[in-house]
Each structure stands twice: as C-alpha cells, then as structure tokens.
Amino acid sequence: MLIKVSIDLEDILPKYLENRRKEVDELKAFLASKDLDSLKTRGHRLAGNAPSYGMEALGSLGVKIERDVQNNDLTNMEGYIQEIENFLNSVEVEYVDEDEDW
Amino acid sequence: MKKVLVLDDDVEIHEIVKAYAKGSFEVSCFGRIDQAMEELKQTQVDLVLLDIGLEDGDGIRFFAENKDFLAQRNCKILLLSGEKSLSKKLEAFHLGAVDYVVKPFEPLELIARVRANLASEEQRQEWYVKKDIRFNLESGTVFLEEEGELNEVPLSPIEFKLMMFFAKNEGRAFTRTQLLDKVWGETLHVSERTVDQHVSKLRKKVKSQFFEIRTSRALGYRFTALK
C-alpha cells in the first residue's frame, strides 16, 4: 500500500512507524491480559496522532479500539490489531512536497 | 525566538510539533504536569500547547488552577484535544484559551495557529484588552466594545491609570491608601475621598458587560467579573 505524505515528515515518520510496529505486540499483550485501560489509552493516542502523520487508516483503527473498549466490546479487538499489523507490513511511503498537487 | 511548551503525554505529538515548528519558534516538550510546571516557573514561555487528556491529570483543570500564574507571565494557552464537543470548547475559551484544536490535527494548520497567536501578541502590545474594555496604551484612551462597535470612553489621565490598574489586578481588593500609592503615587497629597470620587466616575463611564468595580467591605475596591 502506497501512501503519500508530506516531505516535512521524512525525518520522523520512520521512527513513528517503528514505534507502531513495537506497539502491536504491546496491544496483543494488553488484550491477552484484559488490560482495558492500556488498550483504550493506546487506541486514543493512535486516533489522535496517526492522521497527523498521514496514516488515516491507523487513526481509524485507533478510533475503533478506543470506542469498543469504552463499550466493553472486545469481539473485534484481535481483528483490529491484526489490521494494524497488516497495514504496517504493507505500507510504503512516498514523500512529496506539500505544494505539489497530490 | 518565541518559546512554546508542549504538554502532552503522547511523544508522537511532541515529535510532530518539533518537526513542523523548525525555524518558527522554540519548542520544549513534556508529558507530565509537574515537569511542565517546573519549566514554566523557570522559563518565559509564550504559549503552551496543552492536551486535555493527560495521564497525570486533566488539562482543563491544570489551566483553571494556574490561570493567574500563566496570565502573570503573559503565557497563552492553546488546547489540544480529541474532544470535539462544543461544551468543552466553550469551557476552554471561557477560561481564556486563545485557541482549541481538535485531534487529529493537520500539522501545518496547528503551526499556523500557533504562529498567528504569537504574532498577534506582538501586534497587540499597543492594546491591553479586557474582554469588552480596550485600553490603547499609546494614546491613553479607553474604548468599550458594544454590539461589535468600539466606542471611546472619555477618561482623564488619572482615570485611565486607575482603570488600567483595576483591570490588571482583577479580583484583588485594594484599600484607598493602596490605590493612592499605586495609582497617584506617594508624592501627591490627596485625600482618600479622591479615590471614591474617581471610582464613582469610572463606574458611570465604563459600563462593561463583564466587569464592575465592587466595594469590598473594610478593604476598599475590587475590579471583578459581574455576577
């Protein structure tokens, strides 16, 4: 999956994606231990930061994680975490100048 | 260069603000309220980007509890939050926030808002604004904003000085002697009744929709928000 993001993010996006890859294992551990507070916090943060890094899909998954934890519904949680992992495994980034038409 | 403090428990927000702020303003980032307070006490910070949902507390509460401290340092607050509700925004603006940005934000827009607020501070130095009361510091004149229009209030120089003193010390009570010292100066020999006469004139002339000069029993006078 190719995602075009601002060239302003070139220095920080690799680290951001690396942090998210590490977070996948943490999310799995939170789910396994039913640590709902941590799951909710991570979902909330993902919802709040991912779109600013050009990662709308991750942001949407963060919204779903936070919402479902709030509703005490863990039915789809494993699926959301898998979607995050799949996204991170497939994402390719192209940096573009914000002034260009993209 | 202007200084901006980011108080947010998400380090990814720190990184993105730092990346986009390059060259525009200095950025220092903190994840905890106590760390940020320490920095605010030691450094002149022009604006705080304040997250509402902090791990160690509520950003709005932090703002409310430190409002006077921040105002005394001319430090502005721009709130960041995933909370989109109007009531939360109004609460923030009621406290005196200069802006409220909903997460996720577009980084360029956030930086533009910060820059606009920092710039407006420089432009506004000619003016001191207290809601509907506007003091022009250069001309020594006062204007009242009424239904979108600015109307000049004719004040004598000493009335202007007294009004300005009250406005800058909202909520604090002053005895007549203190007002004479602070406003008239110690060298002038005027009676305490002079203060009463000038306060009486100000009450008649400056009819703010938000503030009044209240008589504080045994103390003197207090400029305070209308109940």
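Student: Which residue of β10(B) is the bridge partner of B:Arg134?

Tutor: In this predicted model, the bridge partner of B:Arg134 is B:Phe143. Residues are numbered from 1 along each chain as its sequence is written, and chains are lettered from A and ligands numbered from 1 in the order in which they are written.

Student: What makes β9 and β10 of chain B a pair of strands?

Tutor: Pairing requires that DSSP finds at least two bridges between two strands, and four bridges join β9 (residues 133-136) to β10 (residues 141-146) in chain B, so the two count as paired. They run antiparallel. Strands are DSSP runs of E with at least two residues, helices are runs of H or I with at least four, and both are numbered from the N terminus.

Student: Why are β8 and β11 of chain B said to stand at the edges?

Tutor: The open sheet has four strands in the order β8-β9-β10-β11 of chain B, with antiparallel pairing. Because β8 (127-130) and β11 (149-153) each have a single partner strand, one side of each is left without a neighbour in the sheet. From one strand to the next the twist averages 25 degrees. Helix α7 (residues 157-168) of chain B packs on this sheet, touching β8, β9 and β10, and its direction makes about 125 degrees with that of β9(B); such angles run from 0 to 180 degrees between N-to-C directions, along axes fitted to C-alpha atoms, for helices over the stretch in contact.

Student: Why does A:Asn72 count as exposed?

Tutor: A:Asn72 has 7 C-beta neighbours inside 10 Å, so the exposed class applies to it. Its place is the loop between α3 and α4 (77-90) of chain A, and its phi is positive, about 55 degrees, although it is not a glycine.

Student: What makes a set of residues a nonpolar core, and which residues have the most contacts inside the largest one?

Tutor: The members must be buried Ala, Val, Leu, Ile, Met, Phe, Trp, Tyr or Cys residues joined through C-beta atoms within 7 Å. The largest such core has 51 residues, and B:Leu5, B:Val6 and B:Val48 are among those with the most contacts inside it. Helix α3 (residues 56-70) of chain A gives the most to this core, with five residues. Apart from it lies another core, of 15 residues, including B:Leu155 and B:Tyr221.

Student: How many residues of each chain are in contact with the other chain?

Tutor: Contact means that the C-beta atoms of two residues, placed from the backbone, lie within 7 Å, and 15 residues of chain A are in contact with 12 residues of chain B. On the chain A side, helix α2 (residues 36-49) gives the most, with five residues.

Methods:
Predicted model: local features only at pLDDT ≥ 70, side-chain atom pairs only at ≥ 80, totals over all residues. Buried ≥ 20, exposed ≤ 12 C-beta atoms within 10 Å, placed from the backbone.
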